[in-house]
Protein chains: 2
Amino acid sequence: MVRFLGLITCLALLGTSALLAAAPGDPPIKVSAPLASWRDTAAKKAITDFVVRVTDEKSPDFVPPAERIAVFDNDGTLWPENPMPFQLAFALDELKRRLPNEPTWKDDPAVQAAMKGDLPALLADHYKGLFRIIELTGSGMTTVEFAVRVRNWLATAKHPRFHRPYDRLAYQPMLELLAYLRANGFKAFIVSGGGADFMRVFSEHVYGIPPEQVVGSNARTVYELRENGPVLVKTLQHLFVDDGPGKPVGIHQFIGRRPIACFGNSDGDLQMLEYTTIDNPRPSLGMIIHHTDAEREYAYDEKPKSSGKLVKALADAPRRGWIFVDMKSDWSEVFADGSASSGQKP
Amino acid sequence: MVRFLGLITCLALLGTSALLAAAPGDPPIKVSAPLASWRDTAAKKAITDFVVRVTDEKSPDFVPPAERIAVFDNDGTLWPENPMPFQLAFALDELKRRLPNEPTWKDDPAVQAAMKGDLPALLADHYKGLFRIIELTGSGMTTVEFAVRVRNWLATAKHPRFHRPYDRLAYQPMLELLAYLRANGFKAFIVSGGGADFMRVFSEHVYGIPPEQVVGSNARTVYELRENGPVLVKTLQHLFVDDGPGKPVGIHQFIGRRPIACFGNSDGDLQMLEYTTIDNPRPSLGMIIHHTDAEREYAYDEKPKSSGKLVKALADAPRRGWIFVDMKSDWSEVFADGSASSGQKP
């Protein structure tokens, strides 16, 4: 796979209508014991120590439930981002699916580059081609139409290595962590470079995170009252890329409170980790998922296959007190059932 | 008071840091009986009938708790907007307070107009002067500094008619309605033309609505890691005015689900009412607070004193099935204790 570092920063905007987001019914996450897939290592202890500390009403570090905000990156933190961010896989599949019915597309240089798999061409000239692909596949339709397309894709597409639907690749230890935090009065938000409209289609049934707790890249929709009802049409206007320094900006805009716990995996999470942990008047926890497990998942940091470069946050972690989760040694399971780890190595 | 219709549409952006928003402690709303300040009229019955209908698990109209989203306008719906929107009062007070220490301000035509109370001049040329006032008083500082200023203002300023702090002017029946909906599994959001950063300072202690459930006008902040910690600096870039057709846009962007209940009072809420009630696959309720009580509050619709013009939504209500709340006949109390109604008439 061609390497396209830092790609996630411009994967903005395919984006949802969460109208269609969640199948009502059973809670999405079943956990037998708290943090059952976490081995008894320092990472697990850091989590449980922190939670005990902020939930003990007699502790000077007690944090009222309303302020127990936890933020999670998505790609590489809650599910994989290899061989490419899942949202890019969606965009390329959408391009192929719609191409026969879009006669004007085939002469578009960006479409031609995408069809040839020529990612350097897509990324040249400040990601011009990639933005064009995002524009073609993620704007000009209503939010409801877009959500239907994402749902249809999730129902049919499979991950090339793990051979299962993309929305069945959430990390089991992270699902347990979400459940554990929820059980302790935390409110968990996704804060991701991925498109909000894309993530909201699956966030509730995969993570138990409702659409209103998903902060992602977004652009402004346009309201129209049509004959058969009101719609919101997706555009690329006022694009907001919720990555890097954009993450604290998105946290303030959407949540309006400083988090006390932050989970990320790459330099795109650096500023969100800073905003959570540096000079926070409340106790805080910053954690970095380190991809160290080529056997069961992937191993990378400074040279990822696609997005997920981890250099600056890796270097800053010791002086900031951020704690690493070593995927290989800290997690007894990676995926919700063992089958995914039987996938071929990349 | 000079009339400045439609003003709320540009009152955007003074806007929070909810860091400082809520005093932890007792729940903010004390209600003895559900909807105790609502008389037994059609409006109250419409509310209770709707809530029973969507919460009865045996009903075909049952709505799962996660989808019980209710949206509330703020100015004129949860508290008054006369003689001017409270946020405008804040901006003018801020201007006066800071003027002695800002030597460059006194030659600014917008400042001069504001100091003279010349609102027509502020509103001329597409609200150019007003935006300048908002820029001077609501940008260029950190979100934390801004929140401190709003808090200080709330602690000292008093409403000119009711002679009490602005944050003690929430409508008692609406506080009861919020509590009633919460008790029935609803999640209530403010969706207001007011600045998010402004409203989040008081939304939790006044309404019991946490900052992450406040959707308002906003602009993009800029992240900086300073020597004494991370900050977000307020700007007017990418201004979003959460009013009129902007309200469904804001609802989608921040909540990502279609509401099933909507409460407003002016034409600025028209599209939010449409988005909630027209062709919604779920049962829905649209209500309009009609200001009919000059004795205890104010009486206006097509000719408000300041913001809050109600013409189009008034005309559309019958065919849309939107229900009016007649403040004078439907509410036995307007404010949390009787004292406010002893204020002089406007």
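Predicted model: local features only at pLDDT ≥ 70, side-chain atom pairs only at ≥ 80, totals over all residues.
Figure 1. Beyond the residues up to four places away in sequence, Leu99(A) touches Trp105(A) and Lys106(A). Leu99(A) itself sits in the loop that joins helix H2 (86–98) to helix H3 (109–115) of chain A. Its C-alpha lies 8.9 Å from that of Val111(A), a residue twelve positions away in sequence. With 15 other C-beta atoms within 10 Å, Leu99(A) is classed as partly exposed, because burial requires 20 or more such atoms and exposure 12 or fewer.

**Figure 2. Helix H2 of chain A and the elements that cover it.** H2(A) comprises 13 residues and extends 18 Å between its first and last C-alpha atoms, close to the 18 Å expected at 1.5 Å a residue. Its buried residues are Phe86(A), Gln87(A), Leu88(A), Phe90(A), Ala91(A) and Glu94(A). The cover over these residues includes helix H4 (119–138), helix H5 (143–156), strand S2 (187–195) and helix H7 (196–199) of chain A.

**Figure 3. The buried and exposed faces of helix H1 in chain A.** H1(A), residues 42–55, contains 14 residues and reaches 20 Å from its first C-alpha to its last, close to the 20 Å expected at 1.5 Å a residue. Ala43(A), Ile47(A), Phe50(A), Val51(A) and Val54(A) are buried. Viewed down the axis of H1(A), these buried residues fall within an arc of 95° and therefore line one face of the helix. An α-helix has 3.6 residues a turn, so residues three or four places apart point the same way. The face of H1(A) turned away from the buried side bears the exposed residues Lys45(A), Asp49(A) and Val52(A). Packing partners of the buried residues of H1(A) are helix H6 (172–183), strand S7 (285–292), strand S9 (323–326) and helix H12 (327–330) of chain A.

**Figure 4. The largest nonpolar core, with the contacts of Val71(B).** This core has 160 residues, and those with the most contacts inside it are Val71(A), Ala170(A), Val71(B), Ala170(B) and Val215(B). Leaving aside neighbours within four places in sequence, Val71(B) is in contact with Phe189(B), Val191(B), Ile251(B), Pro259(B), Cys262(B), Met272(B) and Thr276(B).

**Figure 5. The contact between chains A and B.** Each chain contributes to the contact, with 39 residues from chain A and 39 residues from chain B. On the side of chain A that touches chain B, two or more residues come from each of strand S4 (222–226), strand S5 (229–233), helix H9 (246–254) and helix H10 (270–277). H9(A) gives the most, with five residues. By class, this side of chain A has 21 nonpolar, eleven polar and seven charged residues. Chain A is superposed on chain B by a rotation of 180° with 0.0 Å of shift along its axis (RMSD 0.0 Å), which is the relation of a two-fold axis. The same surface serves both copies, as 100% of the contact residues of chain A recur in chain B.

**Figure 6. Two residues of chain B with positive phi.** Leu35(B), although not a glycine, has a positive phi of about 55°; Leu35(B) lies in the segment before helix H1 (42–55) of chain B. It counts as partly exposed, with 17 C-beta neighbours inside 10 Å. His163(B), also not a glycine, has a positive phi near 50° and belongs to the loop between helix H5 (143–156) and helix H6 (172–183) of chain B. With 12 C-beta neighbours inside 10 Å, His163(B) counts as exposed.

Terms used
Residues numbered from 1 in each chain as written. Chains lettered and ligands numbered in written order. Core = buried A, V, L, I, M, F, W, Y, C linked by C-beta atoms within 7 Å. Contact = placed C-beta atoms within 7 Å. Helix = DSSP H or I, 4+ residues; strand = E, 2+ residues; numbered from the N terminus. Nonpolar A, V, L, I, M, F, W, Y, C, P; charged D, E, K, R; others polar. Least-squares fit on C-alpha atoms with pLDDT ≥ 70 in both. Expected span 1.5 Å × (residues − 1). Arc of directions from axis to C-beta.
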